Amino acid sequence: MQKLTSEFEKAYPDITLKWNIYNEGSLRMRAIADIASGGGRYDVLTIGMYEAPIWAERDWLQPLDFDSSYDMNDLLPSVRDGLSYNGKLYAAPFYGESSMLMYRKDLMDKAGITLDERPTWRSIYYAAQSIHDPENNLYGICLRGKPGWGDNMALITTMVNSFGGQWFNMSWTPQLESTPWQEAVSFYIDLLTSYGPPNSEKNSFNEILQLARNGQCGMWIDASIAASFLTDGNQSDYADNWAFAQAPYKTTSSGANWLWAWSLAISKKSQNVEAAKTFISWATSKDYIKLVASKNGWANIPTGTRTSTYQQEEFLSVAGDFAKAELEAMRTADPENSTLLPSPYTGVQFVSIPEFVAIAGATGQQISEALEGKITVQQALSRSQTIALREMRRSGN
């Protein structure tokens, strides 16, 4: 997007862009520090689906009301709803993702295994067991193990959802010691310890992507965007061997695959609201996607935002099965109904409350230690429950 600055300024010569680029951690800290203090340093902010409704409720953001040419109805409904508050859009997505299963079809064929379009976790376990070959640096499955609310907990929360669990019941009581949590986390650790790569507690998206590109992962459940890297022959040694399916489930498919969108929002304290709105409209439009395609090819466009993207023949010709699987994952992810039992919160792999970052961060650390073998699953979840109760009491909930 930054490289296309000249394209925007040529179309809108009265607007000048000044970029501030940070890594994800610094971005989050700087953005919330500025907007919470009312500093107004940044006109346009990059935020995610977690922040959008919370910040909108606090009246930190400008609502986005674009004209009809923007085609608001073309935004994927699940993404649009996740970035809205009280029926108004407060952030516009420039990239969206769900999670899905990516697997080496050549290895499955060799083992005589056929996976369903949405397989069960039990069938994933069997497949991992069947293709695991550590002597030849091939591991049955690769999953996130690095601690963090957006790292291991993104995956683990979807597992817990599919096992019938939830973060909180309708009384906002943490459920971390419930049977679904015990079963899901125990299964996760058993699966990864038995058929995953060594030191999985150190792996998140980037580490696993490199393993998968090198042919060391038989299966990988992660962000749908990974498929575009794995199928790129210039980046992956096994580009022609990858196939895709929906994220696995155990008891229910509700909340089995996550939903996320990186988006652009306008600070309530911005001194350049109309200019900011013009830029966001440009950077998240259908024409912008076509512009990226003209510069970098259809294989490198931002996906997961608009229905029309998945109707472009040029995109479908290069994305193929990946596009179909990603669209289905994006459509089925429902932030309003992500758990088997009724829950008081929205969000699939996160809970849209301010306390979640601390609670999930601590839980991710505990589960990572259990994966490393330092503590038991029961100890990890008991400690996490204690932390969750403390954080909720501290906030008055």
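The accessible surface of the chain comes to about 17,200 Å² (Shrake-Rupley method, 1.4 Å probe). Carbon and sulfur atoms hold 44% of this surface. The model is predicted: local features need pLDDT of at least 70, side-chain atom pairs count only at pLDDT 80 or more, and totals for chains, interfaces and linings use all residues. Residues are numbered from 1 along each chain as its sequence is written, and side-chain values use heavy atoms, with hydrogens and water left out.

Of the 397 residues, 56% are buried (under 20% relative accessible area, 1.4 Å probe, protein chains only). A compact globule with 397 residues would have a radius of gyration near 21 Å, and the chain agrees, at 21 Å (over C-alpha atoms; the globule rule is 2.2 Å times the number of residues to the power 0.38). The C-alpha atoms fill a box of roughly 60 × 55 × 30 Å along the principal axes.

The secondary structure comprises 16 helices and 7 strands (DSSP runs, H or I of at least four residues and E of at least two, numbered from the N terminus).

Aromatic pairs number 28 (Phe, Tyr and Trp rings, the six-membered one for Trp, with centres within 6.5 Å; planes under 30 degrees apart are stacked, over 60 edge-to-face, the rest tilted). Trp-121 and Phe-187 pair edge-to-face, at 5.9 Å between centres and 70 degrees between planes. Trp-121 lies in helix 6 (residues 121-131) and Phe-187 in helix 8 (residues 179-195), so the pair ties together parts 66 residues apart in sequence. Trp-121 is buried, at 2% relative accessible area. Phe-187 is buried at 10%. Phe-163 and Phe-187 form a tilted pair, with 5.9 Å between centres and 55 degrees between planes.

Note on methods:
Buried < 20%, exposed > 50% of the residue type's maximum accessible area, 1.4 Å probe, protein only.
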